[in-house]
Amino acid sequence: LGLALYAGSLYAASGATFLYHDYCVIGAGPAGLQAAYFLQQASRNYVVFERSHAPGSFFALYPRHRKLISINKQYTGKSNSEFNLRHDWNSLLSHDRRLLFRHYSHDFFPDADTMVHYLEDFASLLKLRVQYNTAIIHVTLEKNEQAWNGHYFLLTDQDRKNYKCSSLLVATGTWVPNVVNFPGSEYVEGYETVSINPKDFAGQTVLILGRGNSAFETAENILGVTNFIHMVSRSRVRLSWATHYVGDLRAINNGLLDTYQLKSLDGLLEGDLEDLAIVKDKKGKLHITLRFYLENRNISAGIDSITLPQDELDNFATRAPYDRVIRCLGWKFDFSIYNRSLRMMPGKGNIKKYPQIKPSYESRGTRGLFVLGTASHSVDFRKSAGGFIHGFRYTTRAVHRLLENRHHGVPWPSTVYPITQLTNSIIKRVNEASGLYQMFSVLADIILLRENATAFEYLEEYPVGVLAELEMQTGRKAPNGLFVIIMEYGRNFSGADKDVFYYNRAVGEAQHAWQSNFLHPVIYYYKRLPTEHEMGLRPPDWPLPRPDAIHHIVEDFLTDWTAPNAHILPLRRFLENCLGTDLRNFFAESCFLFAFTRQKLPPFCQQGYLRMQGLVGSQELRHHAVQAGLLQDYTHTDFSGDGPPESRDGSQDQLRDRVIPVRPLQHLVNAKDE
């Protein structure tokens with residue numbers, strides 16, 4: 001088959017007709033549709049290939065028991081749509097408010113069929129260009145110096161139709177079942193085909209291979225009807241609340257942990273699955289043994305001639321025979337359709353099920369080939385949410401922005417603000433931004449300082465793994481230093497063996513913010529852009545190299561970082577120390593006095609008062625300021641010169657001593673912190 005496909009590709013390259021598109025997207029799952037949305041919004045020439053008759057074909061079958069583990073929180077107490085996406089793990093990003101998942105389901109854990117319906121509507125309502133019933137069976141390269149990346153991608157479908165594109169976006173997910181081969185593995189049923197009717201398991205004894213959510217989901221479905229369930233895997237169980245990784249075991253599926261620890265017959269075992277062997281007896285029962293017992297023996301000779309572990313160890317844990325053995329080992333990426341010329345190689349170790357890609361989500365082997373969605377999870381595997389909708393909707397947008405800059409000269413979106421808005425801009429983003437919140441330690445906001453720190457340029461949700469390439473990837477310049485805003489958990493707070501419920505686990509005082517355990521904002525300051533070499537030398541578990549200065553905003557039980565003293569004041573003083581300037585806001589009276597008594601005015605006075613800008617005074621505002629002790633009450637003071645000299649001198653002393661900064665209406669500055 002490989003030779004035939006290779007020969008076909010040579011023929012195609014030599015004389016076949018190709019339909020050309022700038023961008024080809026393989027797969028119309030959530031990531032493929034999300035990429036299509038951004039390409040369509042930018043009016044790009046693209047097409048999405050989907051092998052099924054409808055989008056989201058994976059969700060038409062999986063999860064087998066139809067309950068998603070992605071939360072759908074209907075109410076947050078807030079109307080801010082960006083904030084609410086922090087707790088909506090199913091919606092894709094779009095301008096259409098009808099396409100929020102909460103309009104499709106009110107269930108906290110929705111049904112998978114609802115996801116299929118949602119994706120169908122997303123594709124149809126937005127009129128995305130999806131070509132259904134088109135299975136791409138071969139992808140190769142054609143060298144061409146005129147192409148964007150020095151080559152074109154040539155695609156062939158099941159009907160031998162050919163397509164050519166300049167950039168290839170792979171959004172096929174991981175859908176090939178992981179299979180472990182060992183003697184007797186032919187007796188094992190796969191998660192993808194096993195019955196989901198609990199009645200089929202009544203009175204049976206079941207062994208499940210695997211320890212992820214699919215394994216526990218299967219066990220949860222039959223927990224009440226089986227004699228007992230044993231579960232075996234090479235690693236210990238990892239609970240998502242301990243690892244803070246949503247792909248680990250979720251509480252909704254962990255009923256078997258109760259029955260195991262409360263001694264109700266079910267149990268968990270650790271062992272290498274490749275060392276196992278299964279032998280079937282005359283009654284159809286399945287016996288577990290070890291591979292080395294079968295060496296130099298014929299497994300078909302019958303169970304009586306085979307040594308079982310219990311023959312030597314009479315309390316062997318799995319000595320009881322099983323009625324069924326079910327494989328629930330997850331999925332891996334399909335590498336079979338890619339020609340060697342693309343150099344699509346699997347990762348190493350625990351990410352071997354994913355293709356090798358850079359932190360920019362571009363293939364390590366081929367320029368112009370980007371991997372999106374679940375298949376791109378090697379960038380943040382077991383660290384963040386990049387393998388799930390609520391994570392890769394943001395990484396897909398980041399890839400689109402990289403492509404816009406590379407191929408169309410459209411710089412990364414940014415906004416320029418005066419330096420007086422620096423504290424407010426950071427506080428606003430850390431309190432509502434969903435991309436920072438979901439893709440913690442992976443996506444970050446970048447603040448590029450202008451000359452003399454009079455203004456700054458704000459870039460949102462940039463992949464920190466390619467921070468050294470920021471100028472090239474974004475089209476923005478960083479000659480005067482930068483701040484990086486990112487969300488992090490505490491360094492030693494996540495892990496399968498961690499006790500995340502220990503006493504005094506939370507930090508409440510600003511001076512101990514660096515010891516915060518729960519998710520919290522961290523601000524890195526660099527006087528210059530880090531180099532690629534410095535990125536390679538960053539400490540273990542650090543998303544960034546050592547900065548010139550760093551600031552942790554103390555964790556908050558409500559994830560509401562707006563407390564004037566605990567959150568905002570320490571942040572403002574950190575920024576002031578980095579910039580060597582005063583970031584406070586002032587009333588006009590104070591700016592007026594500064595103009596006569598200081599050589600350099602604070603930025604707020606320079607950019608506001610001296611340009612005749614700022615808050616317009618009123619009798620009500622002045623009364624409020626006087627009542628709060630922020631301004632002196634001059635209404636009963638005689639400045640005409642007719643009063644006693646003592647009173648005039650006293651008034652001048654009061655004016656000199658009562659220069660008080662403003663208290664903004666948003667409570668972003670503590671007015672009493674001079």
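In this predicted model, tyrosine 191 is buried, its relative accessible area being 4%. Tyrosine 62 is likewise buried, at a relative accessible area of 7%. A search of the whole structure returns 31 aromatic pairs. Among them is the pair of tyrosine 62 and tyrosine 191, which counts as stacked because the ring centres are 5.9 Å apart and the planes stand at 15 degrees. Tyrosine 62 belongs to the loop between helix 3 (57–61) and helix 4 (81–84), and tyrosine 191 to the loop between strand 8 (189–190) and strand 9 (205–209); the pair therefore ties together parts that are 129 residues apart in sequence.

An edge-to-face arrangement is found for phenylalanine 493 and phenylalanine 518, with 4.9 Å from centre to centre and 65 degrees between the planes. Both residues lie in the loop between strand 20 (482–488) and strand 21 (520–526), so this pair ties together parts that are 25 residues apart in sequence.

Two arginine residues are placed over aromatic rings. Arginine 51 lies over the face of tryptophan 175, at 4.0 Å from the ring centre. Arginine 324 takes up a position over the face of phenylalanine 201, where the distance from the ring centre is 4.2 Å.

At least three residues of the core come from each of domain 1 (19–176 + 332–402) and domain 3 (412–579). When residues up to four places away in sequence are not counted, phenylalanine 122 touches Leu33, Tyr37, Leu92, Leu93, Ser94, Leu99 and Leu128.

Helix 6 (residues 213–222) is mostly covered, since eight of its ten residues are buried under the cut-off of 20% relative accessible area. The buried residues of helix 6 are Asn213, Ser214, Ala215, Phe216, Glu217, Thr218, Ala219 and Ile222. Their packing partners are strand 9, strand 10 (228–233), helix 8 (255–261), strand 11 (267–270) and strand 14 (324–327).

One disulfide is found in a search of the whole structure. The bond is formed by cysteine 591 and cysteine 605, whose sulfur atoms are 2.0 Å apart. The link is left-handed, with -80 degrees about the S-S bond. Cysteine 591 is located in helix 15 (residues 588–597) and cysteine 605 in helix 16 (residues 603–607), 14 residues apart, and the pair links distant parts of the chain. Both cysteine 591 and cysteine 605 are buried. Two further cysteines were examined for accessibility. Cysteine 165 counts as buried because its relative accessibility is 0%. Cysteine 578 is also buried, at a relative accessible area of 17%.

Methods. Residues are numbered from 1 along each chain as its sequence is written. This is a predicted model: local features need pLDDT of at least 70, side-chain atom pairs count only at pLDDT 80 or more; totals for chains, interfaces and linings use all residues. Side-chain values use heavy atoms; hydrogens and water are left out. Domain bounds come from an automatic or database domain assignment. Contact means heavy atoms within 4.5 Å. A disulfide is a pair of cysteine sulfur atoms within 2.5 Å. Helices (H or I, at least four residues) and strands (E, at least two) are DSSP runs, numbered from the N terminus. Buried means under 20% relative accessible area, exposed over 50%, partly exposed in between (1.4 Å probe, protein chains only). Rings of Phe, Tyr and Trp (its six-membered ring) pair if their centres lie within 6.5 Å; planes under 30 degrees apart count as stacked, over 60 as edge-to-face and the rest as tilted. A charge sits over a ring if NZ of Lys or CZ of Arg is within 6 Å of the ring centre and within 35 degrees of the ring normal.
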